[in-house]
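Subject: Structure handover

Hello,

Here is the structure for your files. Notes on what was found in it follow below.

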Amino acid sequence: MKKNLVMAFAAALLMGGLNAQAQAPTATPATTTAAGPLKLGYTNIDYVLSQTPEAKDIQNQLTIQRTQSENELKRMQKELEDKYGAYEKGAAQMSDVIKKDRETELQSLQARIQEFSQTSQQSLQAKYQQLVNPVVQKIQKAIDAVAKENGYQYVFNLDAGANTIPILLVAPEENNITELVLKKMGIDPAKAAAAKPATTGGSAPATTKPAAPASGTAPKKN
């Protein structure tokens with residue numbers, strides 16, 4: 001929703017400028033304000049996040065929780081497979097009452113596996129938000145400070161996220177405030193990992209950015 005609002009705002013800003021020029025050709029250009037030229041900046045929050053001291057710890061905590069959940073899910077699936085195998089082998093000799101009881105047990109275990117898969121994923125998502133949100137707030141404060149100090153009226157997030165079209169397809173390097181934001185946070189851009197974010201969009205560099213939780217292993221159906 002936030003990304004859609006930003007894109008809608010950018011479109012409205014552009015359309016507003018075009019309409020103003022069409023209606024009043026001699027008026028002040030849309031790229032100027034009473035205080036001077038409109039100054040737009042951009043950065044890549046995912047990339048900045050990946051360079052923070054907290055990034056590695058966040059990734060480690062998420063990996064530990066994800067691994068524990070996956071191991072428990074595998075154990076439950078193995079239990080289901082073993083019980084189902086025993087049921088198939090002995091079904092012919094079981095009375096109807098016992099067979100019904102075993103089938104109910106298998107169905108209950110399958111339901112527990114599905115519920116665990118869902119709740120563990122929700123828990124991982126909640127953990128991700130809990131760990132990342134304070135860092136994102138610090139990044140926002142740094143962006144606010146850089147924008148104020150350098151006269152940027154608007155700052156866009158370059159990367160719209162994985163498998164999405166970037167908000168900015170083309171942007172001049174001089175409007176990239178990423179290094180200023182890193183410096184404001186006490187991070188040396190020269191020592192930051194690998195490549196800088198591309199100025200024409202795309203996903204963040206594959207560094208130590210804490211990965212968002214992925215879906216848990218789906219329970220096997222028998």
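Pro 37 counts as exposed, because its relative accessibility is 65% (exposed means over 50% relative accessible area, buried under 20%, partly exposed in between, with a 1.4 Å probe and protein chains only). This proline is found in strand 2, residues 36-37 (strands are DSSP runs of E of at least two residues, helices runs of H or I of at least four, both numbered from the N terminus). Pro 37 and Gln 153 are 116 residues apart in sequence, but 9.7 Å apart in space, C-alpha to C-alpha.

The model is predicted: local features need pLDDT of at least 70, side-chain atom pairs count only at pLDDT 80 or more, and totals for chains, interfaces and linings use all residues. Residues are numbered from 1 along each chain as its sequence is written, and side-chain values use heavy atoms, leaving out hydrogens and water.

Core

The largest nonpolar core has 20 residues, and Ile 58, Leu 62, Ile 139, Ile 177 and Val 181 have the most contacts inside it (a nonpolar core is a set of buried Ala, Val, Leu, Ile, Met, Phe, Trp, Tyr and Cys residues joined through side-chain atoms within 4.5 Å). At least two residues of this core come from each of helix 2 (45-50), helix 3 (54-90), helix 4 (96-150) and helix 5. Helix 4 gives the most, with 10 residues. A second, separate core of nine residues includes Leu 73, Met 76, Tyr 87 and Leu 106.

Helix 3

Helix 3 has 37 residues and reaches 55 Å from first C-alpha to last, close to the expected 54 Å (the expected span is 1.5 Å times one less than the number of residues). Its buried residues include Arg 66 and Gln 77.

Salt bridges

The structure holds seven salt bridges (a side-chain nitrogen of Lys or Arg within 4 Å of a carboxyl oxygen of Asp or Glu). One of them joins Lys 138 and Glu 54, at 2.7 Å from N to O. Lys 138 lies in helix 4 and Glu 54 in helix 3, so this pair ties together parts that are 84 residues apart in sequence. Within helix 3, Glu 79 and Lys 83 lie four residues apart, about one turn of the helix, and form a salt bridge with the closest N and O atoms 3.0 Å apart. Salt bridges that share partners join Glu 72, Arg 75, Glu 79, Lys 83 and Glu 105 into one network.

Regards
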